[in-house]
Amino acid sequence: MPSQMPPIPGPDAPASAGSPRDRIYESIYRKISLGEWPNGTKLPAEAQLAAEFGVSRLVLREALTRLRIDGLVESRQGAGTRVIASPSRAVLPLVEKDGLAELVSLYEMRVGVEGEVAYLAAKRATPRRIAAIEAAHQKMRKALTQPGAEVVEEDIAFHLAVARATENSYYLGVVESAVGGIRTGISIARSLEHRTNEERVENTVTEHGQLLDVIRSGDADRARQMMRDHIENARARLFLGR
C-alpha cells in the first residue's frame, strides 16, 4: 500500500519550511492576490527575481511554471512574464505559510490521479461497485432535504467509492492518503462560497450525479474528462473565485 502523504497545513497548523519553489510560488501568489502585482503587471526579469528570492533561475522557473499552469501568469518570448488573473485573497488567511503551495499540489495531483480513477472505474466497475457509488450519491441527495446540512464526508465517500471501483489498491491508497487534504480544501472553499448553502449543496450533488451516470454508462474516456473537469472546477472556485 502506498505510504501516506503529508497532511495539508490548516489554519492552526505550524508553518513548515517548504521547498524553495513552493516558497517562491506562495510569495508571488500573495503579491498578485493582495494587489501588489495586479492584473496586467509585468513581473521583474528572471535574473532580478532570482536574486530577490536568493535562488537559482532554475528554481524560479519551476515556480513560474506552476503559476502558469494555475492560470495566474503567462510568459511570452521576448516579452517576459505578465499577470493575467488575480486569485481570491480571502483564501490566504485560511492557509498557513507554505501550506498554500501544498494545497495547490494536492489539487494538481487529484486532477491526474482521479481522472484515471474514473476512467478505470467506468471500464471495470462491477454491479456491486456501481451500487456502492450509487449509495454514496444517495446519501448526498438526502442532504438536500436537511436545511443547513453539509456534504463534506459524503463527498469524500463518493470519491472513495469510485476509487474502490477501479479494483486497484494503489489508486485507492492514493485517494485515501489525500482525504485529510481534500477535507481541508472543501472546508476552506465552503468558507469562501458566495452561494447559499442550499445552492452549494445542490451543485455538489448534481456534479457527482453526472459523474455517476457516466461511470455507470461505461464511457471511460468521458468519465476521465468529467472527473478532471470536476476537480479543476473545484480548484478554480477555491483559488480563483470562479
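Student: What phi does G78 take in the hairpin of β1 and β2?
Tutor: G78 takes a positive phi near 80° in that hairpin, which has 3 residues between the strands. This is a predicted model, in which local features need pLDDT of at least 70 and side-chain atom pairs pLDDT 80 or more, while totals for chains, interfaces and linings use all residues. Residues are numbered from 1 along each chain as its sequence is written, and side-chain values use heavy atoms, without hydrogens or water.

Student: And how many bridges join the two strands?
Tutor: Strand β1 (residues 73–76) and strand β2 (residues 80–83) run antiparallel and are joined by 4 bridges; strands pair if DSSP finds at least two bridges between them. S75, for instance, has T81 of β2 as its bridge partner. Strands are DSSP runs of E of at least two residues, and helices are runs of H or I of at least four, numbered from the N terminus.

Student: Changing topic: at what angle do α1 and α4 pack?
Tutor: The angle between helix α1 (residues 20–33) and helix α4 (residues 99–124) is about 100°, and their axes lie 8 Å apart. Axes are lines fitted to C-alpha atoms over the stretch in contact, and angles run from 0 to 180 degrees between N-to-C directions. The two helices are therefore roughly perpendicular, a class that covers 65 to 115 degrees.

Student: Which residues of α1 make the contact?
Tutor: R21, D22, Y25, E26 and Y29 do so, meeting G99, L100, A101, V104 and S105 of α4. Contact means heavy atoms within 4.5 Å.

Student: Which residue does E26 meet in a salt bridge?
Tutor: E26 meets R30, at 3.0 Å from N to O. A salt bridge needs a side-chain nitrogen of Lys or Arg within 4 Å of a carboxyl oxygen of Asp or Glu. Being 4 residues apart in α1, E26 and R30 are separated by about one helical turn.

Student: Is E26 buried or exposed?
Tutor: E26 is buried, at 3% relative accessible area, whereas R30 is partly exposed at 27%. Buried means under 20%, exposed over 50% and partly exposed in between, with a 1.4 Å probe and protein chains only.

Student: How many salt bridges does the structure hold?
Tutor: It holds 16. One of them joins R110 and E114 at 2.5 Å from N to O, and both of these residues are buried.

How values were computed:
Angles under 35 degrees count as roughly parallel, over 145 as roughly antiparallel, 65 to 115 as roughly perpendicular and the rest as oblique.
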